[in-house]
Structure formats: C-alpha cells, structure tokens
Amino acid sequence: MSSYKESDRFTFKVASPSVSEFTGDVLVIPFYKPADKKEEDMKNSLKAAIPTELSEAIKDAAAYLIESGEFSGNAMSRSTTLLSGPSPVRRISLLGLGPSPKKDPENGPKDVEVKSAGRIGKMISMVSKDTKAASVGVVFSFPISNAGLSQCILGVYDGAYDDVRYRKVPEKGNDPFPLLSLSLLGLPPAISEDLSFVHSLSSYIASGVSLAKDLVGSPPNYKNPLQLAAAAKTIAAENNLDITILEQKDCEERCMGGYLGVQQGSMYPPQFVHMTYKPSSPSSDVVKVALVGKGLTFDSGGYNLKAGAGSMIELMKFDMGGCAAVFGAAKSIGQLRPTNVEVHFISAICENMISEKAMRPGDILVTSNGKTIEVLNTDAEGRLTLADALVYADKLEVDYIIDLATLTGAAIVALGDKMAALYSPDNNLRGKIEAAARRTDEGIWSLPLPIEYKDLLKSTQADLKNIGGRGGGSITAALFLQEFVEKAKWAHIDMAGPVWDGATNKPTGYGVKLLTDFILNLQK
C-alpha cells in the first residue's frame, strides 16, 4: 500500500531594517499600474512612484526599466536587472500589482490591500526562485498594515509551495527553496514592533494551508480513508488536539445510514474523524464551533458513474477538499491556541465506489436524526455523508456549525472557479464569514436559501430525495443540508470551484485562511 506523506516545508527569517541598512541579493519594489492612458504619462507616473529614499543608482536602474517599456505595472508582472558597480544589493526587481484600488482616486491607496499584499508575497517567491536569492528586501512606496503584512508573508509561503512528492527526480532538482531572509524595509515603528508576532502567526496559518494542499493534491491511492484518518492522528498528536475516530460499528450504533450508504461500496472501512481543540486557559466567553468537511477521498460517482468529457473523474481526489480545509485549520488553530474558542473538526471520511455492495439508485437510507432519503443519484453522495456529520456536530451543543464541501458542479457554473458559494439562514454568521473572506482574500459569494425550492427535495417514497430539479443545484443541495441542523447557527460553503487551480493544475488550500481568521475573530 502506498503511504501518505507531507511535502517538504521551508521557513525564512524576517527583519525590518531601514532602506539604507539593507544589503542582500535582491531589492524588490512593488508598483500599482497608473491610470494614465498615454504611454508617456504612465511611464512618468511610475517613475514618480519610485521611493525617494533609495540610492541614486537604484533609482536610476528602476527608471531605466520603466523608460525602456520593460515594466508597466501589470498585475503579477516583474522585471529584474543586475546592478553594475559597487552596490549593497545585486539586483532590483520591479513588481506589478495591477490597477490601484479605488480607495482614494486623488492620492492613491492608503494601505496595501489584501489582494495586492498577497501578490507581492507570491512574486517575492518567484523572484527568489528565478535568481536563487537567499536574501530579499521589499520597500513599500505606500503604507502597509499588520493585516497586509500577514498576507504578504502568507503569499511568500504560497508562492514557495512546490509538491514534488511523486517525482523520482524533481524537474528543478533537489535544491531547497533559496529564500532564507526577508527584509521589510522602512516599516512604521508600530508595525515593525509587531513583525515577529505577525510572522509567527502567518507561518502557523501557512502550515495549515500547505497541509491542505498536500491532502488535496495526494492521489487517491496515497490517501484512502485509513491513510487520511492516520494523517488526522498525526495532526492531533503534533498540535495537542483530542481525537476520536468512529469505526464501522460505532457508526452503525449511531444509525449513520447516509454516511454508511455511501461508504458501503468501498473496500475501505468508514473513518469518522472528530478532533477537538479546547483552550487550556479559556476566557470567560468561550464560543463553541464545529467545522465539518466533506471527506470523499475518491468519488467515482457510484452507479451513476462519472463518465465522458467534463466529468473530472481524474480530479476526484479533490473531493475531500472540505476535509482538507478543516484539517488545515485544525493544524493552524492547534499551534495558535486562542483562548476564545472551543473548536471541533469533523469529517466523515470514505470513498464512493462501485461494487456488488454499493448503494443503488432507488435505495432509501435512514440517517442518524431519523430522516429517510431516497437516493435518486449516487453521484450526489457528499450531502449524504454530510447529513450524518451535521447531526453529530449539532449534538455537541455548539454555537456555530460551518460545513465546507466540494459539493456541486452547479456552484462552478454559477460562480466560476475563484468563488465559493456561501449559504446561511443567519445574517450575522453570514456576515462574519464574508468579513473573514475579505480579510484573507478567499473568494466567496452569498446565495439565497428560498423556502419554495424545498419542494424540489420532496420524495414520494421517503422524507427527502438527494437531488432537486434541473436548475439551482447548489441551492437545493444547501437546502438539503439544512434539514440536518436543528439547534446551532449554521453555514454551508460550496467550494467546488476554488479548491483547484485549473491554470496550474494544483490545489489551492482554499478555506484554511478563511476558517482560521473566522475563529480568531469570534466573540460571544
């Protein structure tokens, strides 16, 4: 049996010297793209944005890259050159952030926005890779807050991530990532004082994001339910979390018929994972949260087999993206150890396979809250596993439940591959999640839960059927899940789109930053 393993991790030091004190391999200078229409005006605006505190040699080199037309500030563009003569830095690299956010059209941005800060971090990693730079400095021509600084550091980790676990010899060799130190130049004293804390916090969150990427990116023969449960045990042990794993008999005793109905076609037993974080010195107003992630380590579609062009069956290793986000958040929260929350990390892990034991279209399943479900499509399986997981979570007497799932192709049709669909009947909870998404640059968009659509889930044979009508598939899936939460405030995130980056054919680690930020900012 192939065994799951994590990808290599890297870390780097941070410092905040003045611009004149920095010596290193590369100095990077980020620019917003000017709004000027004429090329000459745009060049003049870019040159005017060159930080005045730089040496004349560096300013002249930057101006040359701009004047030559090699750099124009387009998003994610970069232009790098060697410096001639004696200089404290070997190269400079100009980074493009795209158009300036319209916070103040007269004077430009007051602060580096979240998306721009993340772009800077990713491009710092690109420059380090390209030039083999061990020491990089970045100078900002506009203010940056702690939140922006955190997103920049997270962007560095994101850009450095490289999964070569399944290559005999990596394309770029076995050399470790070159960056050893990052200097953030000219920070205000208050921001500079917080730098060590912000770096530590960001590195803990980044470790959770990398874990989620590892889990989603692992092929199904390396992360069957037993292997994924073993990974959960490691996460719990390394991060001081309690863990319970329900086996077949445990799930049967709890009448988890939805979950077991999906699992029964697989050669692997069910693994229902429940990790718990409890603060050792809790505050007086602890909030209890359950995070529930869909955990299908592979989804064949069952007897409603995923077949033909566009079925994405070869990518169904990512059908446990919700579980990966929850486990990644568990790792981050276990290291950060906030005092304001008790968090339960839950996933009903299994495969959806075809065999003589697999559930059939037309089967009726009995879930752990007693509701019965007519299975009209075996490829609408995630909601069956989540039904029992949500009932389990609701019995924990938590304040909030958030479930995350790569649940429907309809969410991708509606919102594309950069945005997740958010559903919640609670306006306050929905607002908290939207705010966390904005702070972390995790794309999300709220969609409605219209009561009249519930009629589409009525079955003539059972309490519910597991699919709705032809339209609104993501909405009816969310309405289905709502049937299994009675007490807690609940939200559902359909992350089928942003779990995977189609352009690079790699996992994104979606959800970890959002969940961690949400938890850290919770209050009674």
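Author: Helix 7 crosses helix 10 in the left-handed sense (the near helix is turned anticlockwise from the far one by less than a right angle; clockwise would be right-handed). Helices here are DSSP runs of H or I with at least four residues, strands are runs of E with at least two, and both are numbered from the N terminus. This is a predicted model: local features need pLDDT of at least 70, side-chain atom pairs count only at pLDDT 80 or more, and totals for chains, interfaces and linings use all residues. Residues are numbered from 1 along each chain as its sequence is written, and side-chain values use heavy atoms, without hydrogens and water.

Reader: At what angle do helix 7 and helix 10 pack?

Author: Two packed helices are described by the angle between their axes and the distance between the axes. For helix 7 (residues 225-238) and helix 10 (residues 321-336), the angle is about 20 degrees and the axes are 9 Å apart. That makes helix 7 roughly parallel to helix 10 (angles under 35 degrees count as roughly parallel).

Reader: Which residues of helix 7 meet helix 10?

Author: Leu228, Ala232, Ile235 and Glu238 meet Cys323, Phe327, Ala330 and Lys331 of helix 10, contact being heavy atoms within 4.5 Å.

Reader: Is Thr516 buried or exposed?

Author: Thr516, in helix 15 (residues 512-520), is buried, with a relative accessible area of 0% (buried means under 20%, exposed over 50%, with a 1.4 Å probe and protein chains only).

Reader: In what sense do strand 2 and strand 5 pair?

Author: Strands of a sheet pair through backbone hydrogen bonds, either parallel or antiparallel. Strand 2 (residues 24-33) and strand 5 (residues 135-139) pair in the parallel sense over 3 bridges; pairing requires that DSSP finds at least two bridges.

Methods:
Axes are lines fitted to C-alpha atoms, for helices over the stretch in contact, and angles run from 0 to 180 degrees between N-to-C directions. Angles under 35 degrees count as roughly parallel, over 145 as roughly antiparallel, 65 to 115 as roughly perpendicular and the rest as oblique.
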